[in-house]
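Welcome, and thanks for taking a look.

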Amino acid sequence: MLLVLTGYLWYAFSNFTGNGDSNPCAQVNVLINEEQKGFIHKSEILETLHESGCYPVGVAMKEIKGKLIENALSKNPYIETVVCFKSPGEMVNILIEQRLPVLRIITENGDNYYVSEAGDSLPPMHYAENILVATGKISTEFATTKLKDLANYVSKHEFWDTQIEQIQVLDGEKIMLYPRVGRQKISFGRVEKIKTKFDNLKLFYDKVMPVVG
């Protein structure tokens, strides 16, 4: 999204930034990548702009500083990149690339945080009911590397995303999976050969469970 708009940004900055426009800002547009999947929503962005004194509507266009808006929003750990620019019609546009959480970590020693799909550790600012949860003996390094890879695989495959709800980490970084439906416990072992293990498990669901129950 940001790459496609790069050319327009140069045009927008050169033509609508610093052009002496005394007209007040009429509208602020907020565009967030995959808003429904993440924790960042437009209402929260607007609230942050109000609290930081950067809300642009009603302010003369020439007085609006895009960098100040970007700096205010960048303090949110769930925001990876933010770009602000002006456009015709007295509009201020804000493009946000958010860090998407794929896993919630709750350790035996009381640590509680989220892990993004890129492996970033995020503070528990929000609560997501349907996100995959990992519990047990979990180091931060293990959570942001191998567990992140496992969570990414689950989230990108619709069947597993709806089927698996919890990961339990045992001694030796061995994994037990808990499905949403049924009483089974799936002994996954170490986090390796992820695709092969899930392919085999899918065959078990398709070929064995219908026969033996």
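One aromatic cluster brings together Tyr 153, Phe 159, Trp 160, Phe 188, Phe 198, Phe 204 and Tyr 205. This is a predicted model, where local features need pLDDT of at least 70, side-chain atom pairs count only at pLDDT 80 or more, and totals for chains, interfaces and linings use all residues. Residues are numbered from 1 along each chain as its sequence is written, and side-chain values use heavy atoms, with hydrogens and water left out.

**Aromatic pairs**

- Nine aromatic pairs are found in the structure. Rings of Phe, Tyr and Trp (its six-membered ring) pair if their centres lie within 6.5 Å; planes under 30 degrees apart count as stacked, over 60 as edge-to-face and the rest as tilted.
- Tyr 153 and Phe 198 make a stacked pair, with 5.3 Å centre to centre and 15° between the planes.
- That pair links distant parts of the chain, 45 residues apart: Tyr 153 belongs to helix 4 (residues 140-155) and Phe 198 to helix 6 (residues 194-212). Helices (H or I, at least four residues) are DSSP runs, numbered from the N terminus.
- Tyr 153 is buried at a relative accessible area of 15%, and Phe 198 is buried at 1%. Buried here means under 20% relative accessible area, with a 1.4 Å probe and protein chains only; exposed is over 50%, and partly exposed is in between.
- Phe 198 also pairs with Trp 160: the ring centres are 4.8 Å apart and the planes stand at 50°, so this pair is tilted.
- Trp 160 counts as buried, at 5% relative accessibility.

**Charges over rings**

- Lys 197 lies over the face of Phe 188, 4.9 Å from the ring centre. A charge sits over a ring if NZ of Lys or CZ of Arg is within 6 Å of the ring centre and within 35 degrees of the ring normal.
- Lys 202 places its charged end over the ring of Phe 159, at 4.9 Å from the centre.

**Cysteines**

- How many disulfides (pairs of cysteine sulfur atoms within 2.5 Å) are there? The count comes to zero.
- Cys 25 is in no disulfide, and its nearest cysteine sulfur, on Cys 84, is 9.0 Å away. Cys 25 counts as buried, at 3% relative accessibility.
- Cys 54 is in no disulfide either, with the nearest cysteine sulfur, that of Cys 84, 9.3 Å away. Cys 54 is buried, with a relative accessible area of 16%.

Notes:
Helices (H or I, at least four residues) and strands (E, at least two) are DSSP runs, numbered from the N terminus. A disulfide is a pair of cysteine sulfur atoms within 2.5 Å.
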